[in-house]
Amino acid sequence: YDGMEKFFPADKLVMTGNPIRNNISQSAVTKEDALQHFGLSAARQTIFAVGGSLGAKSINEGLQPLLKSMVNKDIQLIWQTGKPYFETAKAAAAPYSSHIKVHEFINVMDFAYKAADVVLSRAGALAIAELCIAKKPVIFVPYPFAAEDHQTSNAMNLVNKNAGLIIRDGEVKSQLEQVLFSLLQNKALMEQLESNIGRL
């Protein structure tokens, strides 16, 4: 991070990145291919929600009540739930299968990023590094129990540069609908977030 000279000698600090899998950094997938892979339409906006390999309880529980609104607004969702929530999510999404695609786990992350207009994600260091490469507007929901709350620090490092938005884990139920849908309607903000995260 910036500002680490408060803790360490400045001449010993090196700003580096994180290693990124080639299939993300070198991906040649087109948006059209990616949407087709998930059985989605090129005419709709797409949200990709991912909470790490086990899923994120707050993200999953925040999304479930919004499924009907998404379909009414003709928005589609790629929803990586993780194993614990998969069956619940699948049942909730069953009436909306044209718009809501539920996956326990996604191996082809480059396809998911490419298909997305907006990403809803935890804020682990590697997730953030991938999102910088993917250049997507992102709403972070940091995992609050990570050591020393480091995911919040990770996210704030981008939020302070206007390169992402943040919703606290405990506020997802009350804030997700408003933050998510207003971002999707705000083309200028989406472009600004995309351009700023791309620089990082």
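1. Ground rules. This is a predicted model, with residues numbered from 1 along each chain as its sequence is written; local features need pLDDT of at least 70, side-chain atom pairs count only at pLDDT 80 or more, and totals for chains, interfaces and linings use all residues. Side-chain values use heavy atoms, with hydrogens and water left out.

2. Asn154. This residue sits in helix H8 (residues 150-159); helices (H or I, at least four residues) and strands (E, at least two) are DSSP runs, numbered from the N terminus. Asn154 counts as buried because its relative accessibility is 8%, where buried means under 20% relative accessible area, exposed over 50% and partly exposed in between (1.4 Å probe, protein chains only). A polar atom of the Asn154 side chain lies 2.7 Å from the backbone oxygen of Ala123. Beyond neighbours within four places in sequence, Asn154 is in contact (heavy atoms within 4.5 Å) with Tyr1, Ala123, Gly124, Ala125 and Ile128.

3. Gly51. Have a look at the loop between strand E1 (45-50) and helix H3 (57-63), where Gly51 is found. Gly51 counts as buried, because its relative accessibility is 10%. Gln80 is 29 residues from Gly51 in sequence, yet the two are 7.1 Å apart in space, C-alpha to C-alpha. Not counting residues up to four places away in sequence, Gly51 touches Ala56, Ile59, Gln80 and Arg122.

4. Helix H5. In H5 (residues 86-93), the residues Phe86, Ala89, Ala92 and Ala93 are buried. They cover an arc of only 130 degrees around the axis, which puts them on the same side of H5; the arc is that of the directions from the helix axis to the C-beta atoms. As a reminder, an α-helix has 3.6 residues a turn, so residues three or four places apart point the same way. The buried residues of H5 pack against helix H4 (67-72), strand E2 (75-80) and strand E3 (100-103). Turned away from that buried side is a face with the exposed residues Glu87 and Ala91.

5. H9 and H10. The axes of helix H9 (residues 172-185) and helix H10 (residues 187-199) come within 5 Å and cross at roughly 95 degrees. Axes here are lines fitted to C-alpha atoms, for helices over the stretch in contact, and angles run from 0 to 180 degrees between N-to-C directions. H9 and H10 are therefore roughly perpendicular to each other (65 to 115 degrees). Leu183, Leu184 and Gln185 of H9 make the contact with Lys187, Leu189, Met190 and Leu193 of H10.

Note on methods
A polar contact is a pair of N or O atoms within 3.5 Å; within protein, one must be able to donate a hydrogen and the other to accept it, and residues adjacent in sequence count only if both atoms are side-chain atoms. Angles under 35 degrees count as roughly parallel, over 145 as roughly antiparallel, 65 to 115 as roughly perpendicular and the rest as oblique.
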